[in-house]
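Subject: Structure for you to look at

Hello,

Here is the structure we talked about passing on. Please open it first, then read the notes below.

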Amino acid sequence: MFFTTKFKTKFKLTIITVLLFLGLAVFCGVRAMGAPQSSAAPASPAQETWRKEFDDVCGKTQDAMSFSPEELTDLIRRCDSLRPQIEKLDESRKKVYLGRLRMCRGLYAYVLDEKNKEKK
Amino acid sequence: MPTCSMKKTKRKNKGGLLPLVLAWGVLLLGNIVSAQIYLPKPAPEPSEYGKVILDNSKTGPGPVVFDHWLHRSMFTCRLCHVDVGFAMQAKATGITARTNREGFHCGACHDGKKVFEGKTIFAACSDTPNTNDQQCDRCHSAGKKGVRKYEYKKFTAKFPKGVYGVNWEAAEKSGVINPADFVEGLSVGKTKMQNRQDLSVVTAYSWVHPVTFSHEKHSIWNGCELCHPEIFPTAQKETTHFSMFSNIEGRYCGACHGKVAFPLNNCQGCHPNAPPWAP
C-alpha cells in the first residue's frame with residue numbers, strides 16, 4: 001500500500017515536471033515566433049559566415065576590370081558555392097540576396113569573357 | 001505609220017505607271033506606319049515621368065505610387081536596384097508588406113528607425129495594417145488626392161533644369177544633390193571605382209552623329225553590375241546590337257532612358273553633335 005502511494009506521488013511529480021518543462025518550451029517558442037527578428041540584421045553565426053563571404057565576394061565589383069582571369073574565375077567559383085547557402089535562407093533574404101548574387105556573378109563572368117575575347 | 005506606232009507606245013507607258021505609283025504609295029505608307037511604331041513616344045510631364053504603380057493585391061490599402069524623381073534626388077539607382085533588390089522589370093521584385101517589415105525592399109530604409117538628413121524615415125507597412133491609416137496613404141496613394149507629402153515643382157525648384165525637367169547629372173555634379181550609395185545592414189562598403197574610359201560609339205548610319213558615352217557619369221549612379229551583363233551583355237561598340245529600335249523597345253539604353261532617365265526624344269543627350277533642329 002505504502003509502495004503504491006509512493007509510486008503514485010513520484011509519477012505525479014514526474015508528470016508535473018514534464019508538463020512544466022513542456023509549458024516553458026511552448027512559451028519560449030511562442031515568444032520567439034511572436035517577435036520576429038529583423039531579417040536584414042544578422043541572426044546567427046552560421047548566417048554571419050555566409051554574409052561575410054557574400055560581402056567579401058560581391059564587395060569587389062567596382063574593381064572587376066582590374067582582376068586577372070584567374071582571380072575572376074576564383075570569384076565566380078566563390079559565388080557558385082555561396083548560392084546553395086543563400087537558397088537555404090528565409091524567403092525574404094533569399095529573394096534579395098539571390099538577385100544580388102546573380103548580378104555580382106554575372107558581372108565577373110562578363111568581365112572574364114571580355115578579357116578572354118581580348119586575348120584572342 | 002511612224003506616228004501611229006508612237007501613240008501606241010505612249011498608251012503602254014501610261015498603263016505601266018499605275019502599278020509603279022501604287023507600289024510607291026504602299027511603300028510610303030509602310031514607312032510612315034513603321035516610323036510611327038519606332039519613333040519614341042512623347043514623354044509625359046517631368047512630374048509624371050518615371051512614376052511606377054505597384055499593385056500587388058486587390059485588398060488592403062490600395063496600389064503604391066512610387067515617384068522616381070523623389071528618391072533619385074537622395075539615392076543612387078545602384079543602391080535601390082542592386083543592394084536593396086528592386087528589379088528593373090515590372091512585377092519581378094516580389095515585394096510584399098512582409099518583406100518590407102522584415103527590413104527588405106522599402107523597409108530597408110523605411111523602418112521607422114533610420115535617420116536621413118536629420119529626419120527619421122517613416123516605417124513602411126506596419127504589423128497592423130489599417131485601410132484608413134494616413135501613414136499607409138503616404139505610399140498607397142493611387143487615386144487619393146492630397147496625401148502625398150512632396151510635390152515635384154516645389155521639391156525641384158532649386159535644381160538645375162535641362163531640356164526636359166531637372167538635369168540630374170548637373171544637379172549631382174554641382175552638389176545640389178548628393179545621392180547616397182550605402183544603406184546600413186545591406187550595402188557592402190566599397191572603394192571608389194576607378195574611372196572607366198568614355199566611349200565614342202560609332203553609329204551604323206553616316207547621317208547619325210556618334211554617341212558619346214560616359215562611363216564616369218553612368219557609374220556614379222549605377223555602378224557596374226546594374227548594366228553589365230543584364231542590360232549590356234556585350235562590349236561591342238557598333239550599333240548592330242543596340243540600335244535605336246531596340247532602345248525604343250526598352251532594351252539597352254532604353255532600359256532606363258525613356259522610362260526614368262532622360263527620354264529618348266532628347267537626341268543631344270546622347271548624340272551631342274546632333275543638329276539643333278533635332279528634338
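Start at the end of helix H8 of chain B: the helix is followed by B:Gly223, whose phi is positive, near 65°. Please keep in mind throughout that the model is predicted.

At the other end of the helix, where H8(B) starts, a side-chain oxygen of B:Ser214 comes to within 3.4 Å of the backbone nitrogen of B:Glu216. H8(B) spans residues 215-222, and its buried residues are B:His215, B:Ser219, B:Trp221 and B:Asn222. They lie on the same side of H8(B), because they cover an arc of only 165° around the axis. The cover over these buried residues includes helices H2 (68-72), H3 (77-83) and H7 (168-173) of chain B, along with strands E5 (199-201) and E6 (211-213) of that chain.

Next, the cysteines. How many disulfides does the structure hold over all chains? There is 1, and it joins A:Cys58 to A:Cys104, with an S to S distance of 2.3 Å. The two cysteines are 46 residues apart and link distant parts of the chain: A:Cys58 belongs to helix H2 (residues 45-58) of chain A, and A:Cys104 to helix H4 (residues 91-119) of chain A. The link is left-handed, with -90° about the S-S bond. A:Cys58 counts as buried because its relative accessible area, 5%, is under 20%. A:Cys104 is buried as well, at 2% relative accessibility.

In chain B, B:Cys106 is in no disulfide; its nearest cysteine sulfur belongs to B:Cys139 and is 6.4 Å away. B:Cys106 is partly exposed, with a relative accessible area of 26%. B:Cys139 is in no disulfide either, and is partly exposed at 25%.

Last, the place where the chains meet. The contact takes 24 residues from chain A and 30 residues from chain B. About 2300 Å² is buried between the two chains, and carbon and sulfur atoms give 56% of that area. On the side of chain A, A:Gln62, A:Met103 and A:Tyr110 lose the most area to chain B, together 27% of what that side buries.

Across this interface there are 2 salt bridges. One of them is between the side chains of A:Arg102 and B:Glu230, at 2.6 Å from N to O. The interface also has 9 residue pairs in polar contact. Two elements of chain A, H2 and H4, each give two or more residues to the side that touches chain B. H4(A) provides the largest share of that side, 12 residues.

Regards

Technical notes
Residues numbered from 1 in each chain as written. Chains lettered and ligands numbered in written order. Predicted model: local features only at pLDDT ≥ 70, side-chain atom pairs only at ≥ 80, totals over all residues. Heavy atoms only, no water. Disulfide = S-S within 2.5 Å. Helix = DSSP H or I, 4+ residues; strand = E, 2+ residues; numbered from the N terminus. Buried < 20%, exposed > 50% of the residue type's maximum accessible area, 1.4 Å probe, protein only. Arc of directions from axis to C-beta. Contact = heavy atoms within 4.5 Å. Polar contact = N/O pair within 3.5 Å; in protein donor to acceptor, adjacent residues only side chain to side chain. Buried area = accessible area lost by both parts, 1.4 Å probe. Salt bridge = Lys/Arg side-chain N within 4 Å of Asp/Glu carboxyl O.
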